[in-house]
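Thank you all for making the time this morning.

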Amino acid sequence: MSLRHLAASSRSQVAPFAVMDILARVDELRAAGRDVVSLCAGEPSGGAPSGVSARAAAIHASERPLTYTPALGTAELRAAIAAHYGRWYGLEIDPARVAVTTGSSGAFLLGFLAAFEAGDRVALARPGYPAYRNILAALGCEVVEIDCGPETRYQPTPELLDAAAREHGPLAGLILASPANPTGTMVSRAELEAIASWCSANGVRLVSDEIYHGITYPDAVLDQHSPRGVCAWEIGGDSAEESIVISSFSKYWGMTGWRLGWMLLPEELLGAVDALAGNVALCPPAPSQLAAVEAFSPASYAEADAWVAQYAETRRALLGGLDELGWGPAAPADGAFYLYAELGSQLERFGDSRAYCRELLESEGVAIVPGTDFDSVSGGRSVRLSFAAGSTAVTTAVERILRFQRA
């Protein structure tokens with residue numbers, strides 16, 4: 001009797017996230033005694049606001065039992081998140097519409113599961129965050145990548161969505177990120193209104209990734225009355241609360257390892273997400289939830305804003321030094337903390353961005369990410385550099401990059 005061949009499922013055959021592989025190599029090099037400057041991860045160097053850390057320490061010292069919380073998060077934290085939307089966007093949010101998740105990654109998984117059927121076509125911009133594509137593919141959705149270049153500031157438009165629907169068939173969803181990873185570009189209020197109206201008119205679920213809200217720059221803000229970014233629920237009309245809004249504590253508040261994110265959910269998805277969350281993860285991390293309430297204190301906002309001011313200085317210096325680097329066209333980086341640029345003449349020497357990044361890490365100890373993570377078609381020409389690590393790290397990295405390119 002022959003045994004059935006056992007193998008990984010076909011749905012699990014997604015591309016690995018190159019950032020994680022590079023981080024693993026960074027750890028190996030550092031363990032071997034190498035001095036490595038890592039600009040590959042979108043991880044703020046400052047960490048959590050001091051009030052959040054102090055509250056976490058107090059919770060630990062009290063030795064209180066850390067039990068399961070409700071599947072969608074504690075009532076205290078959901079209320080605090082709802083109040084945040086009043087503070088930043090002037091929105092009155094029912095805390096019952098807030099779902100706390102295990103990072104924004106947990107929100108993507110739960111949101112996609114609740115909103116889309118296997119076989120549904122879901123559109124997203126290319127270049128874009130690879131986890132969207134990979135999670136959707138693992139769930140059996142058909143990913144429709146929209147080639148978004150500098151002419152649309154790397155963001156989708158109703159015209160591009162019309163073209164995608166004509167070519168691929170009716171869409172069920174659109175993932176929109178503003179500010180976006182890897183480009184940092186944003187959509188204006190008018191652009192978001194046009195996209196949301198198109199989605200509503202065509203029966204398309206809009207998923208608005210707003211995890212970089214708050215990390216924006218005065219010289220790049222498209223709406224002066226919305227300096228932190230425009231929330232999809234701000235725009236009014238039927239299209240507003242049909243959308244899923246996803247955000248996180250990881251970026252503006254620097255709480256990457258705390259693994260907390262959240263969603264604002266349409267009424268019709270609340271029960272589904274609650275049931276899915278209880279089965280997938282039971283609840284988000286209890287100690288993180290208890291401490292994260294302090295993220296919404298005036299002192300925590302002030303600390304986070306101070307970090308954003310430092311990102312702005314680093315960004316200004318980095319954009320000002322592009323000519324010296326000799327790279328090609330770069331995205332304008334309206335928000336977030338990334339520089340996404342073509343390699344220009346360096347492509348003649350190295351062939352593609354993967355080879356360039358590999359050699360740069362091994363020879364100079366500088367870790368940046370090839371664009372192939374974000375764009376499977378043209379990403380071999382580009383790299384992403386994160387300036388979340390701070391000005392000292394970026395200055396050192398640029399000096400080493402220049403030395404590398406002159407060698």
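Which are the buried residues of α13? Before I answer, let me say that this is a predicted model, in which local features need pLDDT of at least 70 and side-chain atom pairs count only at pLDDT 80 or more, while totals for chains, interfaces and linings use all residues. Residues are numbered from 1 along each chain as its sequence is written, and side-chain values use heavy atoms, with hydrogens and water left out.

The buried residues of α13 are Ser 353, Ala 355, Tyr 356, Cys 357, Leu 360, Leu 361 and Glu 364, where buried means under 20% relative accessible area, with a 1.4 Å probe and protein chains only. Helices here are DSSP runs of H or I with at least four residues, and strands are runs of E with at least two, numbered from the N terminus. Those buried residues pack against α1 (18-31), α12 (346-350), β10 (366-367), β11 (369-370), β12 (382-386) and α14 (391-406), a contact being heavy atoms within 4.5 Å.

As for its length, α13 has 12 residues, 353-364, and at 1.5 Å a residue it should span 16 Å, which agrees with its end C-alpha atoms being 16 Å apart; the expected span is 1.5 Å times one less than the number of residues. At the start of α13, a side-chain oxygen of Asp 352 comes to within 3.2 Å of the backbone nitrogen of Arg 354, and after the helix comes Gly 365, with a positive phi near 70 degrees.

Leaving aside residues up to four places away in sequence, Phe 350 touches Ala 355, Tyr 356, Glu 359 and Phe 404.

A volume is the space filled by probe spheres set on the points, which are joined across faces, edges and corners.

The largest pocket has a volume of about 500 Å³, and of its 23 lining residues the closest to the centre are Phe 17, Gly 42, Tyr 129, Lys 251 and Arg 259. The largest cavity has a volume of about 90 Å³, and β5 gives the most to its lining, with three residues.

Technical notes: Buried < 20%, exposed > 50% of the residue type's maximum accessible area, 1.4 Å probe, protein only. Polar contact = N/O pair within 3.5 Å; in protein donor to acceptor, adjacent residues only side chain to side chain. 1 Å grid on protein atoms, 1.4 Å probe; cavity = no way out; pocket = protein on both sides within 12 Å on 5 of 7 lines; lining within 4 Å.
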